[in-house]
Amino acid sequence: MMYESPSQKTPTFEAKGIETVRRDQCKLTQKVLRNALVEVFQRGINAAKEYLYRQWALIHSGRLPVSDFILTGRVRSHYRGGKIGPVQAALARRLAEVDPGRVVRHKQRQPYVIVASPGQSFKLRDCVLTPLELLEQWDSYTIHAAYYTAKHVNAALQRCFGLRPFNAVVNSWYDACPKPRKRVHHWPRSKSTASSMISAYFGSDMCALCSQKCKSTGCSRVVVCPMCKTDNINVSCIALERLSDIQQRASRLASICSSCNGCLETLETFAAEEHLENKSRKRQPFGTPKEHPRPGVGRLSNPMASCVCIDCPVTYARHETREAAIEATELCRSLDIL
């Protein structure tokens with residue numbers, strides 16, 4: 001903390017050489033480290049520990065925006081000894097093989113995110129996606145919270161808090177921290193039914209209104225507990241009010257995009273759904289129940305939007321609002337009010 005004059009009452013944060021000002025770190029690491037250092041300087045190490053507990057819970061709950069997890073790495077045209085290179089080089093090579101017009105130049109920075117992979121052991125270069133690929137395939141992939149926490153956030157914190165006089169072990173704090181379950185993603189299906197991941201068929205067992213655990217109903221992403229269903233009028237009003245607020249917020253964000261890109265933008269132009277009938281469906285034996293698609297969620301249209309600039313915060317705000325609108329719509333349909 002820096003004081004520039006004797007009359008200055010509120011100090012300013014000044015950092016050089018640490019992760020709060022480095023370009024190769026994500027916004028999540030920069031914000032967590034900066035706020036933790038401010039808490040230590042102003043309130044002590046215990047206050048910083050409580051702040052880190054809250055941030056670790058947010059990371060594992062999956063409620064932080066994708067923009068906080070974007071990493072950028074420099075790509076070279078070739079590496080010594082014919083090596084593959086770091087993960088951003090593997091991503092750049094994959095993009096160039098798909099589209100030769102997307103060749104990354106020498107020493108150009110490539111943005112990427114690390115997604116979760118099933119199993120205990122995995123190759124990091126197989127779990128790297130561009131931010132746009134993650135936004136489009138939000139139903140199939142999720143942020144690798146354990147990787148970001150262990151390799152980026154905790155590593156940066158340990159380099160600062162592991163010094164005297166604190167001598168803290170950040171990983172022991174992290175192991176003792178309660179970690180909530182990840183929320184279910186609400187998004188149109190970005191892949192065909194044959195190539196979709198198993199997570200697309202998972203249902204939720206948490207009440208969408210009171211957040212209490214209840215019995216899941218098949219692969220439904222939204223479920224309401226029996227206690228909330230007893231007050232049907234109040235629950236219906238809450239669901240309709242939530243849907244109305246989200247639609248108004250989505251319309252305001254769409255007007256911002258419309259004034260910027262010059263296209264007609266509404267709440268339905270971002271990640272629109274296409275409901276297509278499967279004409280090549282095989283004939284089922286007599287007496288087999290028909291398979292109905294999940295209500296309210298179709299297939300994601302291509303492209304996802306007229307403008308998908310990953311440097312614009314409105315893109316991530318519209319993505320978050322679109323997911324909230326799908327969740328609110330499914331809640332209303334589960335209550336039979338739409």
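Good morning. I begin with the confidence of the prediction. The protein has a mean pLDDT of 85, and 88% of its residues reach 70 or more. One stretch calls for caution: over residues 288–297, pLDDT stays under 50. The model does have 18 contacts for that stretch beyond four places in sequence. Where pLDDT is low, however, predicted coordinates should not be read in detail.

Next, the overall architecture. The protein has 338 residues, and 39% of them count as buried. Its secondary structure comprises nine helices and five strands. Read from the N terminus, the order of elements is α-α-β-α-β-β-α-α-α-α-α-β-β-α. Among contacts with a separation of 6 or more, 67% are between residues 24 or more positions apart.

I turn now to helix 5, which spans residues 145–161. Where does helix 5 bend? The bend is at N154, and it amounts to about 40 degrees. N154 is also one of the buried residues of this helix. As a general point, an α-helix has 3.6 residues a turn, so residues three or four places apart point the same way. What covers the buried residues of helix 5? The cover includes helix 1 (27–42) and helix 2 (45–61), together with strand 1 (71–75), strand 2 (108–114) and helix 6 (170–176).

The loop between helix 5 and helix 6 contains P165. The peptide bond leading from R164 into P165 is cis, with omega near 10 degrees.

Helix 2, already mentioned as part of that cover, holds Y53. Which residues does Y53 contact, once its neighbours within four places in sequence are left aside? They are W173, A176, C177 and P178. Y53 and W173 are 120 residues apart along the chain, yet their C-alpha atoms are separated by 8.1 Å.

K107 is not a glycine, but its phi is positive, near 65 degrees. K107 sits in the loop between helix 3 (87–98) and strand 2. A271, likewise not a glycine, has a positive phi of about 55 degrees. A271 is placed in the loop between helix 8 (232–261) and strand 4 (273–274). Is each of these two residues buried, partly exposed or exposed, and what is the value behind that class? K107 has a relative accessible area of 44% and is therefore partly exposed. A271 is at 0% relative accessibility, so A271 counts as buried.

Rolling a probe the size of a water molecule over the atoms shows where empty space is left. How many cavities of 30 Å³ or more does a search of the whole structure find? The search finds one. The largest cavity has a volume of about 100 Å³. Its lining consists of 14 residues, and those nearest the centre of the cavity are G62, W138, T142, I143 and H185. By class, the lining divides into eight nonpolar, four polar and two charged residues.

That concludes the presentation. Thank you.

Methods
Residues numbered from 1 in each chain as written. Predicted model: local features only at pLDDT ≥ 70, side-chain atom pairs only at ≥ 80, totals over all residues. Heavy atoms only, no water. Bend = angle between axes of the 7 residues up to and from the residue. Helix = DSSP H or I, 4+ residues; strand = E, 2+ residues; numbered from the N terminus. Buried < 20%, exposed > 50% of the residue type's maximum accessible area, 1.4 Å probe, protein only. Contact = heavy atoms within 4.5 Å. 1 Å grid on protein atoms, 1.4 Å probe; cavity = no way out; pocket = protein on both sides within 12 Å on 5 of 7 lines; lining within 4 Å. Points joined across faces, edges and corners; volume = space filled by probe spheres on them. Nonpolar A, V, L, I, M, F, W, Y, C, P; charged D, E, K, R; others polar. pLDDT = per-residue confidence, 0-100.
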